[in-house]
Amino acid sequence: MPLATSLAIFQSCNITGVPKSTRCAILRYMAKVRKAERRPPLNKTHKLKRQDWAKKYLKTDFSKVLWTDEMRVSLDGPDGWARGWIGKGQRAPVRLRRQQGGGGVLVWAGIIKDELVGPFRVEDGVKLNSQSYCQFLEDTFFKQWYRKKSASFKKNMIFMQDNAPSHASKYSTAWLARKGIKEEKLMTWPPCSPDLNPIENLWSIIKCEIYKEGKQYTSLNSVWEAVVAAARNVDGEQIKTLTESMDGRLLSVLAKKGGYIGR
């Protein structure tokens, strides 16, 4: 009975009259409290496209792929809610209550082999459409990182981005092509596939760090500084573990016939 309450579990065993505190104490020896996992809906077409993608890139040298994505961080955490154990006699800490999590910061980053690119902060108030996305890449990724790379590196690098409208539009595709990122150098991406992008795991690492112990922030600058600090503590071996996981992810997609593989 996954995600069942302690009461429902005990009732299913025909056990009644047990206080909640006792039920929970017993269950802690054999179970954990978890949230339901969120997964994108996958229809038959999605699964076929994921399988085609896996077959296409099965023999790819993933050390040459730059995996990119954006994430939004708020002042209060992913859902503005935190829970955890406290000692007997101690009071739970007070959390600020704000509308919409108090606002947030949009962050872009990339990972390739054992290297972190960024993170770069999207200017507050900027909505990423095709034009602003390309300008953002020009001001950050291209000017601050890509231009420093050798010609041989640029020749072999494959750029990955998801299918967000600002990424996959004709305007953005043409703009990237003028930068030399086109055809086989621009990875095709199957729909509804965050589980296939290893940078999603990097976001999880960073968020666990910046929101540990239910931490909240009082300004957008302070939460951005926390993101930068957390990213700085991610070492090359951690990133390499993520990028080297791609062969296994592709094989899992094929084994599950395009199904969701988790993260």
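Glu244 is exposed at 52% relative accessibility, where exposed stands for over 50% relative accessible area, buried for under 20% and partly exposed for the range in between (1.4 Å probe, protein chains only). Its side chain meets that of Lys240 in a salt bridge with an N to O distance of 4.0 Å. Lys240 is partly exposed, at 30% relative accessibility. A salt bridge here is a side-chain nitrogen of Lys or Arg within 4 Å of a carboxyl oxygen of Asp or Glu.

The model is predicted, and local features need pLDDT of at least 70, side-chain atom pairs count only at pLDDT 80 or more, and totals for chains, interfaces and linings use all residues. Residues are numbered from 1 along each chain as its sequence is written, and side-chain values use heavy atoms, leaving out hydrogens and water.

**Salt bridges**

The whole structure holds seven salt bridges. Three of them, including the one already described, are listed here.

| Pair | Closest N to O distance |
|---|---|
| Arg50 and Asp195 | 2.8 Å |

Arg50 and Asp195 form a salt bridge. This pair links distant parts of the chain, 145 residues apart: Arg50 is in helix α3, and Asp195 is in the loop between α7 (170–178) and α8 (199–210). Helices (H or I, at least four residues) and strands (E, at least two) are DSSP runs numbered from the N terminus. Arg50 has a relative accessible area of 0% and is therefore buried. Asp195 is also buried, at 0% relative accessibility.

Glu115 is partly exposed at 27% relative accessibility, and Lys149 is partly exposed at 23%.

**Strands β2 and β3**

Strand β2 (residues 104–112) pairs with strand β3 (residues 115–121) in the antiparallel sense over five bridges. Two strands pair if DSSP finds at least two bridges between them. Arg121 in β3 is the bridge partner of Val107. The hairpin of these strands has two residues between them, and Lys113 takes a positive phi near 55° there. Strand β3 also contains Pro119, which is joined to Gly118 by a cis peptide bond with omega of about 5°.

**Aromatic rings**

Rings of Phe, Tyr and Trp (its six-membered ring) pair if their centres lie within 6.5 Å; planes under 30 degrees apart count as stacked, over 60 as edge-to-face and the rest as tilted. The count comes to 15 aromatic pairs. Ring pairs link a cluster whose members include Trp108, Phe120, Phe142 and Tyr146.

Lys179 has its charged end over the ring of Phe142, 5.0 Å from the centre, and Lys154 lies over the face of Tyr146, 5.2 Å from the ring centre. A charge sits over a ring if NZ of Lys or CZ of Arg is within 6 Å of the ring centre and within 35 degrees of the ring normal.

**Other positive phi values**

Asn14 is not a glycine, yet has a positive phi of about 60°. Asn14 lies in the loop between α1 (6–12) and α2 and is exposed, with a relative accessible area of 72%. Lys257 has a positive phi near 55°. Lys257 is in the segment after α11 (246–255) and is exposed at 60% relative accessibility.
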